[in-house]
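Below is a short briefing on a surface patch and a sheet with its packed helices. Please read it alongside the sequence and the coordinates.

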Amino acid sequence: AQRAAYRFLLGRLAATEIGRLHQLAPTLGYDDFRVRVPLRASADFHAFAARMAGGVEGVLWPGACGHFVYTAGTVDGRPRMLPATPDLQAHLRAAVSAAWLLLAARGAGAGIFNGRHVQLGASAALTAAGGVRAGFVDGLVRAGLSDWSRAYLLGPSDAVAAQPDGPGKTAAVAAEMAGADVRVLAGPPAALLEALQA
């Protein structure tokens, strides 16, 4: 399975600017790939991502990219904008669905779908400029869910989810979800601890 994934991803990557830069080909062996593609720091990708945000196609991945996510900025205190390609968004939607189904199958049962799934953490707001939408991964995942999931399964509301992370948001989530049947509480450990202490 890993070899098949490698070949598929390499075939897509070979057709990009970075693939041509490193002379990648769908038949390239893994050892040769490691020699041709040097390790890079995340800062080394900033110029590539900026060009993608400017509308240039096929830079780091085939096609255009209209969505970007911000990192948490834990490396140097500055969030970076990373491309969230259509392929990545499809992968995130599948991963969220698989996680929900695995949780149900491994003991929680189908009852987890009878109540709300509350997501804590970064702002889910997405900004839009020049045909590009950007925000934290929380917003991208939320935007990728079906209208039904956002209306009947996910919590809190879009307005509360768009607030920045912190005590004010935690209080707003607690107030909004106080009477709700919450079946799943998810988010970063710090946000979960803050919510449990509120």
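Val182, Leu185 and Leu196 make up a nonpolar surface patch with about 270 Å² of accessible area together. The model is predicted, with local features requiring pLDDT of at least 70 and side-chain atom pairs pLDDT 80 or more, while totals for chains, interfaces and linings use all residues. Residues are numbered from 1 along each chain as its sequence is written, and side-chain values use heavy atoms, without hydrogens and water.

**Patch**
- Patch residues have over 30% relative accessible area and no salt bridge; nonpolar side chains (Val, Leu, Ile, Met, Phe, Trp, Tyr) are joined within 5 Å, like charges within 9 Å.
- A salt bridge is a Lys or Arg side-chain nitrogen within 4 Å of an Asp or Glu carboxyl oxygen.
- Areas are Shrake-Rupley values with a 1.4 Å probe; for residues, only the protein chains shown count as cover.
- Leu185 belongs to strand E7 (residues 182-186); strands are DSSP runs of at least two residues, helices of at least four, numbered from the N terminus.
- At 41% relative accessible area, Leu185 is partly exposed, between buried (under 20%) and exposed (over 50%).

**Sheet**
- Four strands form an open sheet in the order E2-E1-E5-E4 with mixed pairing, where a pair needs at least two DSSP bridges.
- Strands E2 (81-83) and E4 (127-129) are the edges, each pairing on one side only.
- Strands E1 (residues 67-70) and E5 (residues 132-136) pair in the parallel sense over 4 bridges.
- Val69 stands opposite Gly135 in E5.

**Helices on the sheet**
- Helix H4 (residues 46-53) packs on the sheet and touches E1, E2 and E5, contact being heavy atoms within 4.5 Å.
- Helix H6 (residues 137-144) also packs on the sheet, touching E1 and E5.

Methods. Buried means under 20% relative accessible area, exposed over 50%, partly exposed in between (1.4 Å probe, protein chains only). Axes are lines fitted to C-alpha atoms, for helices over the stretch in contact, and angles run from 0 to 180 degrees between N-to-C directions.
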